[in-house]
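Subject: A structure for you to look at

Hello,

Here is the structure I promised to pass on. Please open it next to this message and follow along as you read.

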Amino acid sequence: MIKFESVVKKYPDGTVAVNGLDLVAPSGKITVFVGPSGCGKTTSLRMINRMIEPTSGTIWLDDQDTGKVSESTLRRGIGYVIQHAGLFPHRTIVDNIATVPLLLGWDKKKARARSLELMERVGLDPNFARRYPAQLSGGQQQRVGVARALAADPPVMLMDEPFSAVDPVVRGELQDEFLRLQSELGKTIIFVTHDIDEAVKLGDQVAVLKVGGTLAQLASPAELLTDPVDDFVAGFVGRDRGYRALGFESGTLDAASEQTVKFGDDSATVLRAGRDGWALAVDEARRPLGWVRSAAVPSGKQVGPELLHRGGTLASVSGSLRAALDAALSSPSGRGVLIDENGALVGTVTAAEVVQRIESHLHARRDQHDEGAVSGG
Amino acid sequence: MINGIIEWLSDGEHWSGPDGITARLLEHLQYSFSALAVVLLIGIPIGLYIGHTGKGSVAIAGSANALRALPTFGLLLYLVIGYGDKLPTDWIYLGPSLFVLVVLGVPAVLSNTYAGVQNVDPAARDAAKGMGMTGMQVLLRVELPNALPLILSGVRSAMLQIIATATVVAYVTLGGLGRFIIDGLSQQDYFQMAGGAILVAVLAVALDLAFAVIQRYVVSRGITGRYAAPAANADVVAAESKASV
């Protein structure tokens, strides 16, 4: 657990970067600091490992006052990941990762073995061990940065915009892998970003900070999207937040069974299988391939890849309502395709059915609110 | 002309004896390396300190550059005439001579060292501190190895300047290869003079090459970009596309 107790950072020129921050980051959870530039999010993070000294107030690491330990002892016990990875150019990847273990006095062999283990953990080819940072792409360097921070197995990790310098596709991969890693490791993480989508995707709780260094709202991502506390937070979490909040709503949908076709089927089979003029093509493992317009298959011809419409997205049957709605809206047949964890077809669902489910969820929530209001009053 | 010079250089008699080429060459190296050693002892620690702390960069860097403007020959004569008699006998000429060579070499080493440390990737420095390295560990394990190419090139250019300029100490009765130039001039023996000049140039080039070889082995391959496998880049690209699938 990390606890901020009326923490203030004021610079000699009078600028107040952080103004009386009170906040608890629970153990084993990801707490995201998000806000516009100048809101003090990075300053707050850097005060935890005393890269910046607070002007007043206390930061607790469990029951340890961070101001009362030596800086190097404190920092060696906290993983630290920064925006441009900050790898040491003159050291090989394996030696970069072994930095903190070696500082802690581990023997070289053990530190190396640990490095190799971590490379595998973060999805790096072990052949990279003897390479130098300049030989790696930005995304790979950032993986090394994460591995290096994890090397001595610290309970706490500080991550300062670690994924913001890589392209969006790689960023998405890194985020997914980061979440997978966290589900295995359960570290107490403070994560700084200026990107609200990243905050909502990664955070167990999100702290929105305002310029001047005050906390505007501390809430779960879903609560932040559905119930912003003021205009600033509402503006910051942005448009489409009603739609984006659906990303946190899940519920098993009643999938309608769907007649399918295979490559090689003739036009008559397609006409029979199709509903409203569209039939879904699947492969041997019943994984959806795309939609076929029944009328587009000339009589006597067979279904082949050139006839597929691939526009529709796929949604997991146990996934979010947002994904299900998107699948329905993007499907050429109007029927969203639901799949199981193996990628095999479960059935289809229409936008109307998803919306109905959303409405019943909202209805249930309103009832809860009312009850809360009654018992609270 | 050229034949005359070659004849002078290839005459075995010119190479032997206490005022032969071999002896003068050794003297020349002795002056140069003594001066260079003092230059390193002054330039590197101060350069590292300024680069690491950022303190005094304006004052020190400014005065180091001002030092470059001092004419070595003028300074040498001024010191010998003005202060020579205040020194112990052995040092009357040697002291001022080493001093001017040190003054000549310090700016290049000092300013390259401090620029080298200052140019280290701020992210690497921040990460080093954030992982719990002490100030000294950051300096020795991160800043110094990364500043090494610049530091070494400063040392290299200081060395070349000192080797070339150490000829002037012959003017104040000392030895070294400058002896042939000064004596050749006064005896109007131009072959000797040109031969001496060529010897200085060859010595400078030879030491520069030796230094280049040392530099190859001292600087990390991660910085110079000379990676182990020539096909390393192709491997990275291949592995990358595999990773993204």
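Let's start with a β-α-β unit: β11(A), helix α12 (residues 267–273) of chain A and β12(A) form one, and it is right-handed. Right-handed here means that, with the strands pointing away from the viewer, the path from the first strand over the helix to the second runs clockwise. Helices (H or I, at least four residues) and strands (E, at least two) are DSSP runs, numbered from the N terminus.

A word on the model itself: it is predicted, so local features need pLDDT of at least 70 and side-chain atom pairs count only at pLDDT 80 or more, while totals for chains, interfaces and linings use all residues. Residues are numbered from 1 along each chain as its sequence is written, and chains are lettered from A and ligands numbered from 1 in the order in which they are written.

Back to the strands. Strand β11 (residues 260–261) of chain A runs parallel to β12(A), joined by two bridges; two strands pair if DSSP finds at least two bridges between them. In this pair, A:T260 sits opposite A:L280. β12(A) also has five bridges to strand β13 (residues 288–293) of chain A, this time antiparallel, with A:A279 opposite A:V292. The hairpin of β12(A) and β13(A) has five residues between the strands, and A:R286 there takes a positive phi near 60°.

Elsewhere in chain A, four strands form an open antiparallel sheet in the order β2-β1-β4-β5. Its edge strands, β2 (16–25) and β5 (64–65), each pair on one side only. Strand β4 (residues 56–61) meets β5(A) over two bridges, and A:L61 stands opposite A:Q64.

Finally, the two chains: 30 residues of chain A are in contact with 26 residues of chain B, where contact means C-beta atoms, placed from the backbone, within 7 Å. On the chain A side, α2 (71–76) and α4 (99–103) each supply at least two residues.

Enjoy exploring it!

Best wishes
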